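Here is a friendly note to read alongside the model. Please keep the structure open and find each residue as you go.

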Amino acid sequence: MPSLTKHDAWWRDAVIYQVYPRSFRDSNGDGEGDLRGIIEGLPYLASLGIDAIWLSPIYRSPNNDGFYDVADPRDIDPLFGTLADAELLIKEAHECGLKIIFDIIPNHFSSDHIWFQAALRAAPGSAERARFHFYDGRGEHGELPPNNWNSLFTGSAWTQVPDGQWYLHLFDPSQPDLNWDNADVHEDFETTIRFWLDRGVDGFRIDVSHGLVKEEILVDHRDPDLLTQALRIDTNDVTAEQRADLLSDMPFFDRDGVHDIYRAWRKIFNEYKNRMTVGEAFVYPTSRLANYVRHDELHQIFNFDFLLIDWDAEKIKEAATRVISELATVGAPATWALNNHDSPRLLSRLGSVDKARALALLTAALPGSLYIYQGEELGLPDGEMPLSARRDPIAIRSQGADLGRDGCRVPLPWSAHQVNFGFSLGAPWLPQMHSYGEYAIERQVKEPHSFLNFYKKTLELRKRHPALGGDGSITFLDTKPGVLAFTRVPGLVVVANTHDERVVMDVEATSVLHTSGPGVGFASEVLTLPPHTTVWLQR
Ligand code: NOJ
């Protein structure tokens with residue numbers, strides 16, 4: 001396995017905690033999390049031993065898609081507070097020793113953005129419409145959309161406006177796609193990037209970073225329905241071969257032209273000190289992810305393998321080896337994420353606390369940077385709720401055929417005894433389950449063996465141990481089927497048992513450093529590992 005070059009850049013091995021602002025903590029009793037709530041929560045965040053927080057979007061928005069429909073990227077939505085609150089949050093996070101990363105959403109604006117409102121008022125062919133993808137329809141009277149693409153949120157990717165033209169939206173109709181062939185779009189995003197960098201933001205997570213450039217807009221796709229299935233990372237309704245075939249020549253994702261945009265952005269970032277970017281991209285084959293993190297483009301790119309990975313030693317080894325070696329070809333560090341605001345929580349996905357802890361411990365020992373999604377450190381399961389309580393456009397547009405992503409967005413439980421588990425004095429925007437009290441932060445802080453204290457210890461050791469917390473090399477060892485083992489230099493061996501049976505094996509090490517669960521035995525270089533357990537051993 002090639003070893004990665006170590007740079008003096010904080011993000012290369014950082015632990016970055018994703019705050020979903022609406023569900024983190026509410027300071028004013030309206031049932032919606034806000035910036036003052038995040039400020040109140042900073043001591044808790046700092047106590048976790050993380051390096052940075054990434055905030056999902058907080059910009060002015062009609063909120064049709066969890067604030068990923070931005071009406072003004074240089075202002076804060078009143079639901080979250082004010083620009084002054086954002087500046088205070090940046091300052092206070094820095095005072096707590098935490099970097100702060102914002103989300104940026106360049107694929108689309110909200111239909112409430114002044115540009116789109118102006119485009120609606122302007123005539124076909126106008127400069128206002130040229131900032132988006134407006135086209136005449138097909139059919140005798142233009143009554144059919146310009147092509148057969150689907151929205152990722154179900155239904156057509158086109159909506160017709162009163163004068164008969166259609167506009168493209170890969171997501172909700174209230175999220176018109178921007179036209180990156182248009183100079184105004186480039187200029188406006190440069191202004192936004194500088195606006196926040198000048199206010200001290202340490203970096204950006206780039207939404208749909210692979211989607212900005214569209215090609216062959218007036219050509220029908222050969223199989224749009226199957227393509228939609230292939231784009232859903234959480235479904236097995238398409239075979240690996242079908243997915244490979246469909247995703248490798250998509251007209252609206254991962255087009256080569258997108259890299260020119262990031263080369264231009266990188267020049268801006270290089271003018272500032274120690275700032276970073278992380279791209280969200282779903283590309284195939286995964287080796288194409290490395291293109292986004294070449295030396296003059298983005299700093300990090302998410303890989304989605306671990307968001308969906310089975311608790312299976314062979315699959316984990318395959319994914320980790322592939323991701324690390326593909327990114328090493330361009331000298332970029334890997335990123336690892338087990339949860340985010342778009343996917344089922346780890347506990348609900350694996351259905352077992354033991355497996356969730358074991359996978360978390362294994363992942364924290366991999367080289368590169370670790371992303372944690374709020375509530376992951378509590379071992380929180382997904383929330384359940386009726387369709388009527390759901391807010392995700394995926395659930396609403398599909399009328400519940402797809403329940404969408406609300407389950408992982410339910411507000412955090414801070415205290416088992418307070419109203420709404422200490423999240424808010426008002427009714428939370430999504431209902432919390434009764435069982436959430438068991439997971440409350442206040443309760444877990446006091447229990448030595450809680451999920452929270454397990455995470456804290458993991459992060460503390462990751463920071464302290466010379467073999468961890470770096471983006472250096474990793475060597476996988478040959479083991480029994482169902483067992484994963486690797487070494488990190490200097491002096492660490494990690495062994496994970498994904499079997500239902502206990503394993504006994506020889507391991508060259510001196511002592512146990514940390515385990516995901518009880519019952520681990522180690523003496524005279526013989527390790528006894530219970531089912532679904534990971535151990536860190538000192539060499
Ligand atoms: C990816 C974001 O993570 C997701 O929440 C959002 O719905 C889409 N991009 C559209 O912006």
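**Notes on the ligand and the salt bridges**

1. Start at the ligand: one of its oxygen atoms lies 3.0 Å from a polar side-chain atom of histidine 108, a polar contact (a pair of N or O atoms within 3.5 Å; within protein, one must be able to donate a hydrogen and the other to accept it, and residues adjacent in sequence count only if both atoms are side-chain atoms). Before going on, note that this is a predicted model, where local features need pLDDT of at least 70, side-chain atom pairs count only at pLDDT 80 or more, and totals for chains, interfaces and linings use all residues. Residues are numbered from 1 along each chain as its sequence is written, and side-chain values use heavy atoms, leaving out hydrogens and water.

2. The side chain of aspartate 65 has an N or O atom 2.6 Å from a ligand oxygen, and for aspartate 207 a polar side-chain atom is 2.7 Å from a ligand oxygen. On its own the ligand has 300 Å² of accessible area, and the protein covers 97% of it (Shrake-Rupley method, 1.4 Å probe).

3. Who else is there? Around the ligand are 13 residues, of which Asp65, Asp207, His341, Asp342 and Arg405 come nearest (a residue is near if one of its heavy atoms lies within 4 Å). By class, the shell has seven charged, four nonpolar and two polar residues.

4. Side chains of opposite charge can pair when their charged atoms come close. The structure holds 35 salt bridges (a side-chain nitrogen of Lys or Arg within 4 Å of a carboxyl oxygen of Asp or Glu). One of them joins glutamate 280 to arginine 205, with the closest N and O atoms 3.4 Å apart. This pair links parts of the chain 75 residues apart: arginine 205 is in strand 9 (residues 203-206), and glutamate 280 is in the loop between strand 10 (276-279) and strand 11 (300-301) (strands are DSSP E runs of at least two residues, helices H or I runs of at least four, numbered from the N terminus). Both glutamate 280 and arginine 205 are buried (under 20% relative accessible area; exposed is over 50%, partly exposed in between; 1.4 Å probe, protein chains only).

5. Is arginine 255 buried or exposed? Arginine 255 is buried, at 17% relative accessible area, whereas its salt-bridge partner, glutamate 215, is partly exposed at 32%.

Terms used
Nonpolar A, V, L, I, M, F, W, Y, C, P; charged D, E, K, R; others polar.
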